[in-house]
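This report is written for a reader who meets the structure here for the first time. Please keep the sequence and the model in view while reading.

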Amino acid sequence: MEPARVDSVSDRDLMARLAAGDRDALAPLMERHYRRLFRLCLGYLRNPEDALDVVQEAFVKAFLNAGRWDGSIEAGPWLSRVAVNLSIDRWRRNRRRQITFAPLVEDDHASTLATHGPGPDQGVVRRERRDRLDRALARLPARQRAVVVLRHYQDMSLEEIAQTLGMRLGTVKSSLHRALGRMRDTLRDARES
Amino acid sequence: MILAHLRMRRRVALRAAGLLDDAEERAIAAHVESCARCRREDAELRAVVEALEADPRREAEPDLPLDVLVRRVELEVGEALVPHGRPRWWLVALPAAAAALAAVVLVPLVLEKLAPTDPAVVALPVPSLPVEETEGALDRLEHNLAREHAARYLSEARDVLVTVAASGVDCDREEGRLDVGEAPDRSRALLARRALLVEEEAVASARAVLDDVELALREVAELPACVRRRDVERLRDEVVRRHLLMRIRLTTRELEG
């Protein structure tokens with residue numbers, strides 16, 4: 001199979017081809033966006049397997065719903081919106097599952113104690129820091145969490161976030177303000193406990 | 001004055017997030033200098049942003065090559081485009097709809113029956129029934145656990161089936177064969193778990209999918225790690241024809257509530 005010449009075709013062309021049922025347009029569109037969407041979903045879900053599964057589902061949905069894409073927003077933000085909505089859905093289901101089951105403790109002592117890279121102490125510190133960040137993000141409401149992830153894992157501007165999430169600019173600003181404040185409180189509590 | 005200060009605090013957060021233009025930045029910097037509370041807030045929020053921006057997940061790479069992901073997506077798309085032979089989704093949707101209808105119709109009737117009509121009874125405190133309540137709670141927990149176990153099993157089975165059906169890595173050992181890695185071993189482990197799944201009304205809506213998945217896993221369990229391409233294609237066609245991946249997704253969601 002000849003490699004797709006990604007740069008020569010615009011996202012809009014690819015979306016139009018998807019809408020017409022052309023499956024060959026999938027690979028170049030995925031090549032452009034899958035890494036970015038993976039990081040978005042990983043920032044939201046905090047678990048690489050879930051993130052990859054959601055990215056996969058997002059592209060399936062993109063293909064099946066390409067006909068509904070009206071071009072009023074670019075394909076990139078549209079794909080991000082699909083991925084965020086699926087991530088929110090997955091996150092909520094995972095939360096319900098955690099309520100039934102005892103929280104699963106990821107046993108990564110082996111990787112913490114591995115001799116590659118930082119030493120064991122540094123590994124423990126890094127892991128604690130990561131866990132604190134996970135908890136702080138976990139306590140945010142779904143949309144605030146999405147705003148934080150789009151800003152700090154995708155480097156989006158306020159306008160881009162508003163477009164991606166279909167929110168007003170003022171709502172994005174206040175969501176970000178509240179989210180950072182909540183995260184500050186959670187991180188502070190974690191340090192003090 | 002207070003409102004102006006609150007607006008400033010919101011801008012302090014936007015400043016920490018790196019979202020102010022130069023003019024706003026200068027204005028807010030002057031305010032922060034003169035306001036001890038805002039200065040503290042500014043430092044704390046910056047620490048949050050630093051923690052976020054130091055997260056290695058920002059630069060993480062997916063643990064799956066693009067071509068494999070493309071094949072997986074194409075497989076699911078292909079499945080979705082195949083016309084439904086039998087509308088199996090009814091098997092998931094109907095029991096859920098029936099349960100919802102029953103809840104809407106029956107719950108008010110039951111509550112009406114249970115509601116005390118005698119004013120004298122109303123005045124009395126309702127006796128607590130700790131034993132029944134505990135049993136009820138345990139039943140609900142068991143019900144939820146059965147559904148969660150089934151959902152997890154299906155989710156993992158789905159991953160195995162996708163791995164095999166979307167396999168495109170040639171085997172080193174022989175030409176015309178594909179490497180399906182640990183999928184047969186994983187199938188055998190899943191089949192052992194399938195035997196432990198509780199067969200009761202909690203997972204009744206999923207039974208048809210569970211049966212089809214079991215058949216597919218049995219086929220995968222029989223495969224060697226290095227499989228003839230046509231065997232993989234036959235399995236893929238079967239998965240697509242039965243809309244198995246989509247049905248697993250729908251059923252898993254239904255089980256997870």
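## Terms and numbering

Helices (H or I, at least four residues) and strands (E, at least two) are DSSP runs, numbered from the N terminus. The model is predicted, and local features need pLDDT of at least 70 and side-chain atom pairs pLDDT 80 or more, while totals for chains, interfaces and linings use all residues. Residues are numbered from 1 along each chain as its sequence is written, with chains lettered from A and ligands numbered from 1 in the order in which they are written.

## The end of chain B

Helix 11 of chain B covers residues 244-256, and its 13 residues reach 18 Å from first C-alpha to last, close to the 18 Å expected at 1.5 Å a residue (1.5 Å times one less than the number of residues). Its buried residues (20 or more other C-beta atoms within 10 Å of their own, C-beta atoms being placed from the backbone) include B:Leu244, B:Ile248, B:Thr252 and B:Leu255. Seen down the axis of helix 11 of chain B, the buried residues fall within an arc of 155° (taken over the directions from the helix axis to the C-beta atoms), so they line one face of the helix. Just after this helix, B:Gly257 takes a positive phi of about 75°.

## Where chain B touches chain A

In chain B, 34 residues are in contact with 38 residues of chain A, contact meaning that C-beta atoms, placed from the backbone, lie within 7 Å. Helix 4 of chain B gives the most to this side of chain B, with nine residues.

How values were computed:
Contact = placed C-beta atoms within 7 Å. Buried ≥ 20, exposed ≤ 12 C-beta atoms within 10 Å, placed from the backbone.
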